[in-house]
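Morning, everyone. Please have the sequence and the structure open while I talk through a few side chains.

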Amino acid sequence: MLKVGIIGVGTVGASVANILRDNKNIITARAGKEIIPTIGVVSNLHKKRDVDIKLTDNIDDVLNDDSIDIIVELMGGIEKPHEIVKKALQKGKAVVTANKALLAYHRYELQELAGDIPFEFEAAVAGGIPIINALRDGLSANHIKSIQGIMNGTCNYMLTRMINDGISYDEILKEAQNLGYAEADPTFDVGGFDASHKLLILASIAYGIDAKPEDILIEGIDTITNADIEFAKEFEYSIKLLGIAKKVGQEIELRVHPVLIPQDKMIAKVDGVMNGISVVGDKVGETMFYGAGAGGDATASAVVANIIDIARRGKGSPMLGFEKQPGEKLSLMSKENISTKYYLRLEVADKSGTLAKIATILGDNSISIEAMLQKPLKNGSANLLLTTHTCVEKDILKAMKEVENSGVVLVKPAMIRIEE
Ligand code: NAP
């Protein structure tokens, strides 16, 4: 028998307790032993909740109980769970967490502390999709060439509605907040930070890259306008917020930003709140994972899978963790050296000489134009929509600064990277 203490009995924690109760027979059969959720920790004992485990508001009731084998951390936050997980591991208790923010900052330290004690976190990336298991296990024979993931359901819902229904960013943000998909302060989701936490976890497993969110390129969806959506449709692109990890030589590009992606790509078809992750291995080719990225039951499904796995394996046989890449030295590519194609939207006064000036600035910065479209606007100005051939991030950033200061654009130029 294995006893489980659940720290945080909210959306996910309550589902974990209920899945362990509702699916008890099949879980016992698969785990090879009975798994019992004995106690849960909450901050407000008076809140009504649909669980039938004993509750406490004292975390030490769980940490100091020697009969508890596995601590499930589902309270959220960074520093408090960091302390709790450290204490649990020091006491020799196995830990399962769904906390991507905790892992984005402390994953290597906690794994090192865990040593042979199981420390699992499948639910931290893309909720119910078993992507961590796939990278560690099913794809472990491969060098991972790339990972592209839609890992934030809120952004994907908003972009899907903007594309399909022509709704503006501000309107759809309000709708997402009313539906409970977006927080009152939506920055963490729409700014790309949530997706960056998940990308860093995957990149650690695939490449052994120990980076923090502030080390990588992160841009959100809040600058996407209906003009960009119209362009995307006209040129058969979709717009998605992707977390991208790519191996280029011995360097790894890591970035989170909106992309224009051809509509016929599988990942472009992942719509609404769903998540999708494409992983390309050098031997297997492209594999694609699709499913619910959030929600109590879907996320708890991954948490309980980790618990079952710990019951089966026991201590002393840790899974592949955040690898230090034996046999291969990989480093994080600097943000400035990322190279890709770009879409640019420049609002210009509709007069002669404008185009020549822009073309000269781009040419002087080694940027060549692939396609161009001019859309007149009501006020006598025009939107100049350009796509470039592959060029380097630092060149395009310099060129955009020069265009902005050249006097030919009326507002700050907009830029979306293209993935093909
Ligand atoms: P939640 O609904 O807010 O639940 C948090 C729980 O922790 C609540 O029961 C809360 O108590 C308890 N808690 C918070 N601070 C506490 C403290 N200081 N002492 C004691 N109890 C405390 O959060 P959630 O949505 O279940 O998310 C939990 C974790 O899973 C987070 O790390 C989140 O990022 C991750 N995750 C969630 C989802 C999802 O779909 N929700 C998906 C993937 C990953 P009260 O109930 O009394 O307030």
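Predicted model: local features only at pLDDT ≥ 70, side-chain atom pairs only at ≥ 80, totals over all residues.

K100 is partly exposed, at a relative accessible area of 25%. K100 forms a salt bridge with D194, with 3.5 Å between the closest N and O atoms. K100 sits in helix α5 and D194 in helix α10, so the pair ties together parts that are 94 residues apart in sequence. D194 is buried, because its relative accessibility is 4% and buried means under 20%.

Next, E175 and R161. Their closest N and O atoms are 2.5 Å apart in a salt bridge. E175 belongs to helix α8 and R161 to helix α7, so this bridge ties together parts 14 residues apart in sequence. E175 is partly exposed at 23%, and R161 is partly exposed at 23%.

E234 is in helix α11 and K375 in strand β15, 141 residues apart. E234 counts as partly exposed at 44%, and K375 also counts as partly exposed, at 27%.

The whole structure has 24 salt bridges. E120, R136, D309, R312 and R313 are linked in a network of them.

Last, the annotation. An unreviewed UniProt entry lists I7, G8, V9, G10, T11, V12, G13 and A14 under "binding site". Of these, G8, G10, T11, V12 and G13 are included in the lining of the largest pocket. Is T11 buried or exposed? T11 is exposed, at 62%, and lies in helix α1. A14 is in helix α1 too, but A14 is buried at 15%. Beyond its neighbours within four places in sequence, A14 contacts V9 and V51.

Key: Residues numbered from 1 in each chain as written. Heavy atoms only, no water. UniProt positions renumbered as here; feature names shortened; annotations may be inferred. 1 Å grid on protein atoms, 1.4 Å probe; cavity = no way out; pocket = protein on both sides within 12 Å on 5 of 7 lines; lining within 4 Å. Helix = DSSP H or I, 4+ residues; strand = E, 2+ residues; numbered from the N terminus. Buried < 20%, exposed > 50% of the residue type's maximum accessible area, 1.4 Å probe, protein only. Contact = heavy atoms within 4.5 Å. Salt bridge = Lys/Arg side-chain N within 4 Å of Asp/Glu carboxyl O.
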